[in-house]
Amino acid sequence: MEVTPLADGCLRVCLQQDGFESCCVVSSYHLVESKRPQLERANLRRASNALGLARDPNHSAL
């Protein structure tokens, strides 16, 4: 994960996986690791969309 301090004191947190990148903003360093699962799911959704795997009601949500 890449953490970049912002001018307002918040942190931009980005996770790159398999050519996809998802980012979020947190208010302090203690929240950075807790965002990893959320960013991983976001990358998985982006990969799924890129492959044309639309949400199917017969399959579990990502």
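A disulfide, for this tour, is a pair of cysteine sulfur atoms within 2.5 Å. Keep that in mind for the cysteine stop below.

What you have open is a predicted model, where local features need pLDDT of at least 70, side-chain atom pairs count only at pLDDT 80 or more, and totals for chains, interfaces and linings use all residues. Residues are numbered from 1 along each chain as its sequence is written, and side-chain values use heavy atoms, with hydrogens and water left out.

**Stop 1: the sheet**

Switch to a cartoon view. Helices (H or I, at least four residues) and strands (E, at least two) are DSSP runs, numbered from the N terminus. You'll find an open sheet of three strands in the order 1-2-3, paired antiparallel. Strand 1 (2-5) and strand 3 are at the edges; each has a single partner strand, so one side of each has no neighbour in the sheet. On average, neighbouring strands here are turned by 20 degrees against each other, direction ignored. Two strands count as paired if DSSP finds at least two bridges between them.

Now select residues 11-17, which are strand 2; this strand and strand 3 are antiparallel over seven bridges.

**Stop 2**

Pick residues 36-50. This is helix 1, which packs on the sheet and touches strand 2 and strand 3; its direction makes about 145 degrees with that of strand 3. Axes are lines fitted to C-alpha atoms, for helices over the stretch in contact, and angles run from 0 to 180 degrees between N-to-C directions.

**Stop 3: the cysteines**

The structure holds one disulfide. With 110 degrees about the S-S bond, the link of Cys-14 and Cys-23 is right-handed.

Is each partner buried or exposed? Buried means under 20% relative accessible area, exposed over 50%, and partly exposed in between (1.4 Å probe, protein chains only). Cys-14 is buried because its relative accessibility is 4%, whereas Cys-23 is partly exposed at 33%.

Cys-24 is buried, at 15%.

**Stop 4: the core**

Select Leu-11, Val-13, Leu-15, Cys-24, Val-26, Val-32 and Leu-39, the seven residues of the largest nonpolar core. Such a core is a set of buried Ala, Val, Leu, Ile, Met, Phe, Trp, Tyr and Cys residues joined through side-chain atoms within 4.5 Å. Strand 2 gives the most to this core, with three residues.

**Stop 5: Ser-22**

Finish in strand 3 (residues 20-26), where Ser-22 is found. Ser-22 counts as buried because its relative accessibility is 7%. Its side chain makes a polar contact of 2.7 Å with that of Asn-43. A polar contact is a pair of N or O atoms within 3.5 Å; within protein, one must be able to donate a hydrogen and the other to accept it, and residues adjacent in sequence count only if both atoms are side-chain atoms.

Conventions. Contact = heavy atoms within 4.5 Å.
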